[in-house]
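Open the two chains in a viewer and keep the selection tool at hand.

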Amino acid sequence: MKIIVFIEQIVSTQVKLQGVDYFDSTRVSEDDLVINPSSKNALEGALKLKDQLGAEVTAVCVRGLKPNKALREAIAMGCTDAIEIADETIYTDDPLLLAKVYVEALGKIGEFDLVFLGVEEQSTGSYAIGAMLSEKLGLPSVLYAEEIEVIDSGYKVGHVLEGGRKIVAMPNKGVISCSDSQYFTPRYTSMRGILTAKRAEIPKWTAADLGLSSSVVGKEAASLIEVSFSNIVIEKESYIIKEGEPEEKVENLLAKLKEDEVKLGA
Amino acid sequence: MVKTLVFGQIREDIIEENTLGVLNKLTEISGISEIIVALFGHQIKDEWITELGKHGASRVVSVKAPELEVYLSRPYVKAMLEVIEKTEPKLVIAAGTVYGEDLIPRLAVHHGVSCAQRINDISIVGDDLHFHTPVRDDQAMKVTRIEGAIKFATSRAGAFFVNENPDGGSPNVESFDVTFSEEDMLVKHIEIKKAERTVNLKDAKIIVAGGRGVGGKEQFQIIRELADILGGEIEATRACTDVHWIEETYEIGQTGQSVSPDLYIAAGISGAPQHVSGIKAKTLIAINTDEGAAIFNFADYGIIGDLHVILPILKQKLQG
């Protein structure tokens, strides 16, 4: 059994950059680069099946400033191996182009059973990749998974639904995107895993290795075109209390609420 | 003029609220010429069509089939593609629910284009449509356009207000059949487990809410105590319900409930877009240790401080 997990590397949200600066690579150090938490949920989903069924798990990273770092961490978590796809011609801000790259990568990998992804591509705020990939592959899929159970015919998967949870059955081969449910809480890296990751050889593929050119996956091929990108200026006037002892802060708040005639309580 | 097709979503036997919000928004945009709603199901109820008319739908196209009783990707994609072919819209849009976000990207793939997601505004520029999406915890706004004959988009949950127009007309209704094969039904529906709705947060006037910053099940007690004193309800973000600090019933935001209280106290809540999208409070007070937390962008009042220190003092002052 073989599972492929597509992961994304992002700038940690703990890094205090504002708005558009998040996307300025010159302001980011390597220490600030982490695996997208949503991708980590996907790694956990695949590794749970590895524990249960003895699957081989391959992590693949196309997106990020230093994908090799993310892939070594994926191996340290327990992945069998990893592949880096690095090519500046690939325009990763359009989920449809990214799906095309994933399809070709799967073609080059060969046989596989399941594909795991996170729900959100955090660097672009896109939630479309799981749906687009499964549609392009023509494979059944369950998105926003919360829990996976192995059954005779494949998998019983619970997924997020507004106001509850939906349970479906899917066959052995397909695409699953994992939510941030407790079930997919990612494991820590192990000492043994870290040593394995250090020694691991991670192949690097280019767009040409996948038979793709910039006219297919480059910026000129994008159908989602960015018109503008700007910081949001909040015009709302807020009264935020930063200074003082806790008691003074509370008294300050209550006094201001009284002045503004905001009623506390029914 | 832009002919628009909306994915008509049904939840718990009524038209899903965000879908009505999308319809309302479309009626406000000059340049949208016709609003068509696609409805799918085992049965199509008359009251759904009346409701859609009240919110701006001028035409309803329905497909009735047992395979469409519950949303599953393949049969819904097939049915929606046929509706698109028959109605020839320029814009296809769905409310950004779990189902809407599953369906729209798939339809876009079949038309060889990408899609705009979680938009909170649409503008018509010349002959083109521009889609506005807040990104990076609402710190930046991305505006995109789609290169293609048909544009596909999902709205952000809670982005649009729902206003009923009692004089709304009766939409023209047409229906047709779609046949499904075994291949279309590879994923099989087993059941939907509904969260027990013992608390109606939707009508609550005062809400005290806790987020990840609360830190644990026992620590939620201070949230409960403050809510009791204020005569309000308690509420939690998904981060808390997922780890069972509090029952799922109390969750709001994109996958929970939407609320519009007079007063909303957000304690230890970061202000992630999926949570904030469910809050439309008259007054929002935030308490958080992190000065940079996005919740302060939405707050009317705030204290930078530890909720476990601030809330007990607040409670004591209110009691005294």
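Which residue of strand 17 of chain B is the bridge partner of B:Ile265? It is B:Ile285. The model is a predicted one, in which local features need pLDDT of at least 70, side-chain atom pairs count only at pLDDT 80 or more, and totals for chains, interfaces and linings use all residues. Residues are numbered from 1 along each chain as its sequence is written, while chains are lettered from A and ligands numbered from 1 in the order in which they are written.

**Strand 16 of chain B**

Select residues 263–267 of chain B, which form strand 16. Helices (H or I, at least four residues) and strands (E, at least two) are DSSP runs, numbered from the N terminus. In this strand, 5 of the 5 residues are buried, that is, 20 or more other C-beta atoms, placed from the backbone, lie within 10 Å of the residue's own. B:Leu263, B:Ile265 and B:Ala267 point one way, and B:Tyr264 and B:Ala266 the other way.

Strand 17 (residues 283–288) of chain B runs parallel to strand 16, with 5 bridges. Strand 14 (residues 206–210) of chain B is also parallel to strand 16 and joined to it by 5 bridges.

Colour chain B by domain: domain 1 covers 2–185 and domain 2 covers 201–319, with bounds from an automatic or database domain assignment. Their C-alpha centres lie 32 Å apart.

An α-helix has 3.6 residues a turn, so residues three or four places apart point the same way. Just after helix 2 of chain B comes B:Gly56, with a positive phi of about 115°.

**Where the chains meet**

Show both chains and select the residues in contact (C-beta atoms, placed from the backbone, within 7 Å). Chain B gives 69 residues and chain A gives 65 residues. Among the elements of chain B that give two or more residues to this side are helix 4 (98–110), strand 10 (140–146) and helix 9 (307–319).

Strand 11 (residues 224–231) of chain A runs antiparallel to strand 10 of chain B, and 7 bridges join them. Two of the pairs to pick out are A:Glu226 with B:Thr144 and A:Ser228 with B:Val143. Zoom out to an open sheet of 4 strands in the order 11(A)-10(B)-9(B)-8(B), with antiparallel pairing. Its edge strands are strand 11 of chain A and strand 8 (121–125) of chain B.

**The nonpolar cores**

A nonpolar core is a set of buried Ala, Val, Leu, Ile, Met, Phe, Trp, Tyr and Cys residues joined through C-beta atoms within 7 Å. The largest has 118 residues, and those touching the most other members include A:Val5, A:Ile7 and A:Ala74. Helix 3 (residues 95–109) of chain A contributes the most to this core, 8 residues.

Centre on A:Ala74: leaving aside neighbours within four places in sequence, A:Ala74 contacts A:Ile7, A:Leu43, A:Ala59, A:Cys79 and A:Ala82. End at a second, separate core of 47 residues, which includes A:Leu264, B:Tyr264, B:Ala293 and B:Phe296.

Notes:
Two residues are in contact if their C-beta atoms, placed from the backbone, lie within 7 Å. Two strands pair if DSSP finds at least two bridges between them. A residue is buried if 20 or more other C-beta atoms lie within 10 Å of its own, exposed if 12 or fewer, and partly exposed in between; C-beta atoms are placed from the backbone.
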